[in-house]
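Me: I'd like to go through a structure with you and ask what stands behind each label. Could you answer with the value and the cut-off side by side?

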Amino acid sequence: AIGSAVLTSLALLNAFASAGGISVISFLDKEVISGVILGACLPYVFAALTMTAVAEAAMNIIVEVRRQFKNIPGLLDGKEGVEADHAKCVAISTQSSLKKMVAPGLLSVFAPIAVGFAGRQKMLG
């Protein structure tokens, strides 16, 4: 069902280009179709990598907060003068964002370059 929807949308896009007199690009070329499909998939891959990174960072922060509740007496009860170690949570968040967001960043930089080398100009549209 999804494959037929993709082909139908490409056919409609090609009909629009024909009706509009756009002849610079042909949506019937295999390189162009491959580039369009790949380009449509990349945002989902980027979003999945980003959400995974955020979920792992959140889990690490939850583990740290539980550790603090367990090891710092009076923190869970809200006693006066008892302070949580906020700097540790900020450090976890910063380290996790620097480590885990490398893959989405590299994807956004190198995907167009790889597609350009693989399919030349036609694949980039």
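Reply: Happy to; the answers below take the labels one at a time. This is a predicted model, in which local features need pLDDT of at least 70 and side-chain atom pairs count only at pLDDT 80 or more, while totals for chains, interfaces and linings use all residues. Residues are numbered from 1 along each chain as its sequence is written, and side-chain values use heavy atoms, with hydrogens and water left out.

Me: Why is the pair Lys-100 and Glu-56 called a salt bridge?

Reply: The term asks for a side-chain nitrogen of Lys or Arg within 4 Å of a carboxyl oxygen of Asp or Glu. The closest N and O atoms of Lys-100 and Glu-56 are 2.8 Å apart, so the pair qualifies. The helices are DSSP runs (H or I, at least four residues), numbered from the N terminus.

Me: How many salt bridges does the structure hold?

Reply: There are 2. Arg-67 and Glu-64 also form one, at 2.6 Å from N to O. Both of these residues belong to helix α2, 3 residues apart, which is about one turn of the helix.

Me: What makes Glu-64 buried or exposed?

Reply: Buried means under 20% relative accessible area, exposed means over 50%, and partly exposed is in between, with a 1.4 Å probe and protein chains only. Glu-64 has a relative accessible area of 6%, so it is buried.

Me: How do you know whether Ser-96 is buried or exposed?

Reply: Ser-96 has a relative accessible area of 7%, so it is buried. This residue lies in helix α3. Not counting residues up to four places away in sequence, Ser-96 touches Ala-53, Ala-57 and Met-101, where contact means heavy atoms within 4.5 Å. Ala-53 and Ala-57 are among the buried residues of α2, as are Val-32, Gly-35, Glu-64 and Gln-68. The buried residues of α2 pack against α3 and α4.

Me: How do you know what span to expect for α2?

Reply: The expected span of a helix is 1.5 Å times one less than its number of residues. With 42 residues, α2 is expected to reach 62 Å, and the distance from its first C-alpha to its last is 61 Å, close to that value.

Me: Why can Val-102 be part of a nonpolar surface patch?

Reply: Patches take residues with over 30% relative accessible area and no salt bridge; like charges are joined within 9 Å, and nonpolar side chains (Val, Leu, Ile, Met, Phe, Trp, Tyr) within 5 Å. Val-102 has 42% relative accessibility, so it passes the area cut-off and counts as partly exposed. This residue lies in helix α4. The patch is made by Val-102, Leu-106, Val-109, Phe-110, Ile-113 and Phe-117, and has about 590 Å². That area comes from the Shrake-Rupley method with a 1.4 Å probe; for residues, only the protein chains shown count as cover.

Me: Which residues does Thr-50 touch, leaving out those up to four places away in sequence?

Reply: Thr-50 touches Met-101 and Pro-104. Thr-50 itself is in helix α2. Its C-alpha atom is separated by 9.8 Å from that of Val-102, 52 residues apart along the chain.

Me: What makes Ile-72 partly exposed?

Reply: Ile-72 has a relative accessible area of 24%, which is between the 20% and 50% limits, so it is partly exposed. Ile-72 lies in the loop between α2 and α3. Leaving aside neighbours within four places in sequence, Ile-72 is in contact with Val-82 and Glu-83. Ile-72 and Val-82 are 10 residues apart in sequence and 8.0 Å apart in space, C-alpha to C-alpha.

Notes. Helix = DSSP H or I, 4+ residues; strand = E, 2+ residues; numbered from the N terminus.
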